[in-house]
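Subject: Structure handover

Hello,

Here is the structure I said I would pass on. My notes on it follow below.

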Amino acid sequence: MSVASASNSDSNSEASQNRPHTSTTFLEIIHHPHSNQKTEFIFRDLPIPPPSEDCSRPQSNSTGKPWAPFRTRSDFEFAELVVQSAMKGSTVKRLLKGIRHDWTEPGSTKITFQNKVDFQKSMAAARKFNTQFQEDSISATFEGIKKTFDFHFRDPWKWLLHLVTDPTLASSIIYYPVKKILHENGTSTCLYDEINSGQTWWDIQDQMPYLPDLPLCFLPLHLWMDKGKVSTTSNMHPILLHVGFLPQAIWNGSGNRGGVLIGYMPKVIDPSDPEDCTATEKTVFGLFKREVYHKILKKIFHSLELQSQEGEAVKCGDKIHRVLFPGIAVHSLDGEEAYATYAARGASADYPCPRCLIHKSQLHNLTGNFPFRTSREMQKVYKKAIAARTKAEAEEVLKKKGFHKVLNAFWSIANSDPYHASSYDLLHADDLGKWGKHLFVLLKEVFMGKIPRWPGLKHFSSITTGACCFGKLNFVHQRIPDLYYDITHKGATNNYTTRVGEGFQQEVQQAYLQTNFKNVEAQMTRIDEDQEAIASICMAVDAYDLELQSQIEEGTESQDSRKLGSQQKGTTTQKLMTTFQDKPAFRNFHKNLIGYLRETFSEDIIDGTPLKITPYRCLYIHYKSQEDWNICQDIIRCSPSFHGQPRYDCIIINTEPVTYACICFLFTCHLDLSTSHDMALIQFLKPTKWRPQTPWETCQVYGEQDYRFLLLKYIERACHMIPAFGSKEGLYYLNDLIDADMFLRCGN
C-alpha cells in the first residue's frame, strides 16, 4: 500500500468519534456516503482470525455438472489439455483416433468425442458462454487513397455485464470508493492501495445523485495496449481491458477474470521509407495513423458511450438492482502508445508530453508544476483547428499544444478523460530507465543466480540481454508530481503498471504459432475464445471440487493460523540422527529435543526412549499484514530438493525485538496417542559486526549462530535473506523490500 500524505490531527476523519480504543495504532476505513456503510476501525492488537475464504478463490455456483457443455468431465479435461498445450488440429485428430480406436478396447475410455468434428462442436458450444469476438472495419484516406482496415473485437459492455451478473463474483465486486487512514501515535496518514482508495473514484461518485432504493455506481476500467513481436518479421497489437472494481488479487492476476483481450489494432504501415521522409511527411503520416487508431477505438468502445453517460439498470450477481456507469479511469501505455492514444505529436514537438503541457525546454524540470491536458481543453483546440481559415493557421493552433487534429475516441465516454487516465509507467521509466539502463548494468554480474528463491520473485541463473527480462526499451519523460497524482487518485502503482500487459505478449506469440500464418487475426481471436471458455469452466470445476472437499472436511479442519504440509514418512529421533549424522543441525537431536520438551512443557520423558517424529517439508502460515491488516499467507519451504534445488526458508520469530532464523527441519513430535507438538529445528541468524567495503546507513549483516527447537506458534512469517557477497559463507542481508509488510515489520 502506498503512503501519500500525512497530518498530525484527526480533524479530517471520524477517528475520535464513537470508536472503541484498544491501541494507539489503527486503520480507519471511511466508506463513501452513498454506500450506506459505517466507518470501520481495524486495530493492530486484535488477534488474527482463523483463515477465511480468499476473494480470489473460486466460489461454486454449480448444479452438479460444472463441466457443461461438455458431456463428461473427461471430455472437458481432454479439451483443457488441448487448449492449454496449444495443440494443432492435426494432433487432436490423431489423439482422438488413437483413443477411440487404435490404443484402447471399445468402451474402455470415458472420453465420448468420436472425432475432431465432434470435439469442435463442443468447443463451439463452450465459446458461447463468454463474450465472443465480432468483425468490423473502418476507412481512412491517406495521400488521396482510401484505405480500409478490418479488425475483430469484443463488446466491452457485454463483457462487463457478464462479470457483474456472475453470482460467483458477487461477494468480491467493489461498488463504492473508500478513504483509508492510518492512525499511529497521534499521526494520521492517508493510505492508497486499490483503485477505489484513490480520489478519482470518490470524486466521480460525488457527482452522482443519491437514490436510496436504486444505487448508482461507477465501474472503473483499466486499458492497456502495445505492439509486440510474434516472429522475427511480424508484430501483433493486442488491446486489453481489466476491471478496477475487483480486488487486485483477481483483476491483476491470472485467469479469465484477470482481464480480457478486447481486440487487435490493425497495422498502419507507411508506404514510404521513414528514413527518406521529411519532417512534414512524418507529421502527415503520424496524423493518419492516429486517425485510424481513434476510428477503431471509437468502434470498439462505442457500447460504453451511452451507458457511461446515462447508466444502465442491471440486476447484479448479488440480486441487487443497480444503475451502472462504466468509464475508463486508468491507462497503462508506453511512450509510443501514449502519443497515438492522446493524439500527441511526439518527442520532437514543442510540447512533447502526451499528458501535460510542459515545454520541451523544461523537460529537465522533474518537479515543476505544469498543467494537465484535459478533454475539454483539447476539444477546444480541435474545434479551433477545424474552424481555421487556412491549413497554416490550423497547424499553428495545433503546434502550440503539441497536438494532432484527431477526434479522440475517449472524449465521448463519460468519466474517461484520457489525459487524467494516463499513468506513471513504472516498467519503462524505472525498471527499464533508471534501473535497466544504469543500476542493472552494474549489478547483474554480482547478483544473477545467487539470490535465494521467494514466491513471486523471478529467479534467473543468467542474463543475456536486458530486453529479455524487462520488456522493450522505451524511456519516456516521467515526472515525480505525475506519480504523486497517480497514487493519490488511482491507488498504488501496481494498479497501472504496464508489466501485466507486457506479460500477455507471450500468450499472443503462442497463439500466433498455432495458426497457419494466413489471416492470423481471425485464428488468434478464436484461440483466445477457446482459452477464455476453458478457463471459465475450469474455475467452475475447481470451485465444485473445493466445495465437495470442504463438505468432506467440515468439522475437522484446523482453525490454527499455522498448518504443516507435504507430510513425509514417519520416523524416530534415533533414526533421524543416523540419517543426518553428517549434518551439524542434527547432532544430539534426541537429547536436545527431550531437554526442550521438559523445559517447555514439564514433560516426564525417559531419556532412552526414541520419540516418534513425522517430518514435513512446508508450513502454511497466516499473518496480519502491517500494510493494510488484511490476512496474508506465506508458504515456508524446508526441503532438500524443491524443484531440484535444496530450499530452507528463513523466518521472523515473535520476540522483542524480532529475531530471524533459518528453518532446518519441520516436524510433529508424538509423545503418546493424545499428545503431540508441531515444531521446527532452526538456526538463529543474529547481527554481526562484519560490514561490506561500501556500507550504507543502518547497514546490518546477520550471521549463522546456534541451533534451537521452536514451537510453530512463535513464527510470525517468512523472511528473505540474501547472501552477503564478498564475505565468508554464512552471512546475510535482510531483504526488507520484498513486500510492504516486511518493510514495516522490520522497523522502517
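Which strands do the buried residues of helix 5 pack against? They pack against strand 2 (25–31), strand 6 (178–184) and strand 8 (216–225). Helices (H or I, at least four residues) and strands (E, at least two) are DSSP runs here, numbered from the N terminus. Buried means under 20% relative accessible area, exposed over 50%, and partly exposed in between, with a 1.4 Å probe and protein chains only.

Before the rest, two remarks on the source. This is a predicted model, in which local features need pLDDT of at least 70 and side-chain atom pairs count only at pLDDT 80 or more, while totals for chains, interfaces and linings use all residues. Residues are numbered from 1 along each chain as its sequence is written, and side-chain values use heavy atoms, with hydrogens and water left out.

Confidence

The pLDDT is the predictor's confidence in each residue, from 0 to 100. It averages 86 for the protein, and 85% of the residues score at least 70. Two stretches deserve a note. Over residues 1–21 the pLDDT is below 50, and this stretch has 55 contacts in the model beyond near neighbours in sequence; contact means heavy atoms within 4.5 Å. Over residues 464–471 the pLDDT is also below 50, with eight contacts beyond near neighbours in sequence. Where pLDDT is low, the predicted coordinates should not be read in detail.

Overall make-up

The protein has 20 helices and 26 strands. Of its 748 residues, 49% are buried. Among contacts with a separation of 6 or more, 66% are between residues 24 or more positions apart.

Helices

Back to helix 5: its residues W201, W202, I204 and Q205 are buried. These residues cover an arc of only 165° around the axis, which puts them on the same side of helix 5. The arc is that of the directions from the helix axis to the C-beta atoms.

Helix 4 (residues 156–164) and helix 8 (residues 302–310) have axes that come within 7 Å and cross at roughly 60°. Axes are lines fitted to C-alpha atoms, for helices over the stretch in contact, and angles run from 0 to 180 degrees between N-to-C directions. Helix 4 and helix 8 are therefore oblique to each other: angles under 35 degrees count as roughly parallel, over 145 as roughly antiparallel, 65 to 115 as roughly perpendicular and the rest as oblique. On the helix 4 side, P156, W157 and L160 meet S303, L304 and Q307 of helix 8. By class, this contact has four nonpolar, two polar and no charged residues. Ala, Val, Leu, Ile, Met, Phe, Trp, Tyr, Cys and Pro count as nonpolar, Asp, Glu, Lys and Arg as charged, and the others, Gly among them, as polar.

Backbone

Most residues other than glycine have a negative phi, and most peptide bonds are trans. The peptide bond from A68 to P69 is cis, with omega near 15°; P69 is in the loop between strand 3 (40–43) and helix 1 (73–84). The bond from E656 to P657 is cis, with omega near 0°, and P657 lies in the loop between strand 20 (650–653) and strand 21 (659–670).

N185 is not a glycine but has a positive phi of about 55°. It is in the loop between strand 6 and strand 7 (187–192), and at 60% relative accessibility it counts as exposed. N415, not a glycine, has a positive phi of about 55°. N415 is in the loop between helix 11 (391–399) and helix 12 (418–421) and, at 30% relative accessibility, counts as partly exposed.

Single residues

L711 is in strand 23 and counts as buried at 7% relative accessibility. L711 and D678 are 33 residues apart in sequence, with 6.3 Å from C-alpha to C-alpha. Outside four places in sequence, L711 has contacts that include Y596, F601 and D678.

T688 is in the loop between strand 22 (676–687) and strand 23 (702–711). At 18% relative accessibility, T688 counts as buried.

C632 is in strand 18 (residues 631–642) and is partly exposed, at 25% relative accessibility. The C-alpha atoms of C632 and H622 are separated by 5.5 Å, and the two residues are 10 apart along the chain.

Regards
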